[in-house]
Amino acid sequence: MQESSANAMTSLGQEELIHFAARYQQLMLLYEGGIKQITTKLDILNREHRVRGMRTPIETVKSRLKTPKSIAEKLARRGIDLSIDSIVENLNDVAGVRVICPYISDIYSVRDMLLSQADVRLYQEKDYIKNPKPNGYRSLHLVVEVPVYLSDSRQMVRVEIQIRTIAMDFWASLEHEIHYKTDVEEIPEGVVQELSQCADIIAQTDSRMEAIAVRLHQVAPERGTVLDL
């Protein structure tokens, strides 16, 4: 895969390579702008909750741009030639934002608050919380389009947003460590089942913790600004 993408680049002439590099930089600028649009919106929503004395639905926000190597390899796996147009048309996760929430209900609250904004357009949604992956992975994935304003134009940019709880993120981080940072080419079926069972236990813990928070709010309604769900 790496060889095919390297060969594609070396087959370009020097002028074409310079032109590609310049356009690639411009494209990454747009994706960076898309990330900033989303992270700024999330920060404002969280700050609004604090100012109003409400419990904040967002614990942390992380973001990343896909590396050139990762972009080239993903296109190669799909049998797609590397070009600026093929990146834009075929990859929805070049710009990525991950939102970590305390509770499951917060995930859908954040989703609704974001999508209610006039300049956020939903392109794709995959709910792995209601429909977990076979290995137990849970998260809400949104691909949205947001405007990025340049000096002479407005460009719509796709950003992938993954929204999950602290517990879901804990599982996903360890699963990634086990799956991608070991020398085992294929995870044995028994291990996949164990990972899925661990994910189920974590999902039950998520639900129980939220239920406890709701009960506390019912017992002490005067503290609803802190525990309001």
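Q: In which helix do Phe-20 and Tyr-24 both lie?
A: In this predicted model, Phe-20 and Tyr-24 belong to helix H2, which covers residues 14-51. They are four residues apart, about one turn of the helix.

Q: How is a pair of aromatic rings described?
A: Two quantities are used: the distance of the centres and the angle of the planes. By the pairing rule, this structure has two aromatic pairs. For Phe-20 and Tyr-24, the ring centres are 6.2 Å apart and the planes meet at 25 degrees, so this pair is stacked. Planes under 30 degrees apart count as stacked.

Q: Are Phe-20 and Tyr-24 buried or exposed?
A: Residues under 20% relative accessible area count as buried. Phe-20 has 14%, so Phe-20 is buried. Tyr-24 is likewise buried, at 15% relative accessibility.

Q: What is the arrangement of the rings of Tyr-128 and Tyr-137?
A: Their centres lie 5.9 Å apart with the planes at 65 degrees, so the pair is edge-to-face. Both Tyr-128 and Tyr-137 are buried.

Q: Which residues of helix H3 are buried?
A: In H3, residues 68-77, the buried residues include Ile-71, Ala-72, Glu-73, Lys-74 and Leu-75. Just after H3, Gly-79 adopts a positive phi of about 70 degrees.

Conventions. Residues numbered from 1 in each chain as written. Predicted model: local features only at pLDDT ≥ 70, side-chain atom pairs only at ≥ 80, totals over all residues. Heavy atoms only, no water. Phe/Tyr/Trp six-rings, centres within 6.5 Å; stacked < 30°, edge-to-face > 60°. Helix = DSSP H or I, 4+ residues; strand = E, 2+ residues; numbered from the N terminus. Buried < 20%, exposed > 50% of the residue type's maximum accessible area, 1.4 Å probe, protein only.
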